[in-house]
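Please look at the sequence and the model below before reading the briefing.

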Amino acid sequence: MVTLTEARANRTVKDWVAFFKAAEIPVLRQTAREIAQLQAREDETGARDITRVVINDPLMMFKVLAYANNHRSRHQLQDLVQVEQAIIMMGTGTFFAQIPTVPHVEDVLHEHMSALIDLLKLMIRAHRAGYFSAEFASHLMDLHAEEVRVAASLHDFAEMLMWCFNPDAMGEISQRQDADKTLRSRIVQQEVLGFRLLELQAELVQVFNLPPLLSDLMDEARADLPRVRNVQLAVNLARHSADGWDNAALPDDYKDIAELLHVDVERVKHIVGVPQH
């Protein structure tokens, strides 16, 4: 397994892309445990059973989509954007045989507990963003709600990978932003890492052959498109509600979501599960 000491030698986006191509991407220990249970009764396990586990772990989702899109048959012209579709195309046997559930995030960061906590919070937030975006999509009668769920869940996957393999630098970025709430993420990232995480993410999407649709749905410059707006608002809501429902930014989120869904703010609060006071 690649060590964090080796990872720290990376300085540029190009370095990190080469590193991630060679590294084994970690997954949550819980994910590995649940997949092992499914594999133990493989004859009764279908793609939907596996999908239910995979969508709870954005890093496993990343691994599944990267593998599926890099191993498509010549007849499979369509990009694989949905997790269940990807697992059906590869087959459950191939999934169990070819997509490792090691290393575990918790082992990779066992000496960096604060980074592990921050990463786990980010992964929970990503899962919530995926849930919110799927809810919004169903209200908009979007027949491909799973695509926006995946895009919202993977919106910050480059940041997750950097927490795994460059925890000290990511911790410094976090501390600087905690100390000065006005600091813009991209500026601090440029100062500490030498590049912005968005640049890294764009390269990773290409190198791992992830569907271009994912890039489009994660591209905030396209926010005039309803599906991109959906992803953006779901990610914002997940971030602002991560520590409860009293964040000062939430009323604006509700208004923006109400506009997207063509409903009133009270309906939005019901849809996203704001507790009744």
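This is a predicted model: local features need pLDDT of at least 70, side-chain atom pairs count only at pLDDT 80 or more; totals for chains, interfaces and linings use all residues.

Residues are numbered from 1 along each chain as its sequence is written, and side-chain values use heavy atoms, with hydrogens and water left out.

**The cavity**

- There is one cavity of 30 Å³ or more; on a 1 Å grid over the protein atoms alone, a cavity is a set of points where a 1.4 Å probe fits but cannot get out.
- The largest cavity has a volume of about 60 Å³, where volume is the space filled by probe spheres set on the points, and grid points are joined across faces, edges and corners.
- L122, R125, A126, A129, A152, S153, H155, D156, V235, A238 and R239 form the lining, meaning that they have an atom within 4 Å of a point.
- Two or more lining residues come from each of α9 (113-139), α10 (145-153) and α16 (226-240); helices are DSSP runs (H or I, at least four residues), numbered from the N terminus.
- The largest share of this lining, four residues, belongs to α9.
- By class, the lining of the cavity has six nonpolar, two polar and three charged residues; Ala, Val, Leu, Ile, Met, Phe, Trp, Tyr, Cys and Pro count as nonpolar, Asp, Glu, Lys and Arg as charged, and the others, Gly among them, as polar.

**The largest pocket**

- The largest pocket has a volume of about 1,700 Å³; a pocket is an open set of points with protein on both sides within 12 Å along at least five of seven lines.
- Its lining has 38 residues, and R125, E159, Q177, S185 and R239 lie nearest its centre.
- The elements that give two or more residues to this lining are α9, α11 (157-165), α12 (167-179), α13 (185-193), α14 (197-207) and α16.
- α9 gives the most to the lining of the largest pocket, with six residues.
- This lining divides into eleven nonpolar, eleven polar and 16 charged residues.

**The second largest pocket**

- The second largest pocket holds about 290 Å³ of space.
- It is lined by 16 residues, and E24, K63, A66, Y67 and F208 are the closest to its centre.
- α2 (13-22) and α5 (58-70) each supply at least two residues of this lining, and α5 gives the most, with five.
- By class, this lining has ten nonpolar, three polar and three charged residues.

**Helix α3 against α4**

- Helix α3 (residues 29-40) and helix α4 (residues 47-54) pack at an angle of about 170 degrees, with their axes 10 Å apart; axes are lines fitted to C-alpha atoms, for helices over the stretch in contact, and angles run from 0 to 180 degrees between N-to-C directions.
- α3 and α4 are therefore roughly antiparallel, the word used for angles over 145 degrees.
- T31, E34, I35 and L38 of α3 meet D49, I50 and V53 of α4, where contact means heavy atoms within 4.5 Å.
- Four of these contact residues are nonpolar, one is polar and two are charged.

**Helix α4 against α6**

- α4 and helix α6 (residues 83-90) pack at an angle of about 135 degrees, with their axes 9 Å apart.
- That makes α4 oblique to α6; oblique covers the angles left over once those under 35 degrees (roughly parallel), over 145 (roughly antiparallel) and 65 to 115 (roughly perpendicular) are set aside.
- The contact joins A47, R48, I50, T51 and V54 of α4 to V83, E84, I87 and I88 of α6.
- By class, this contact has six nonpolar, one polar and two charged residues.
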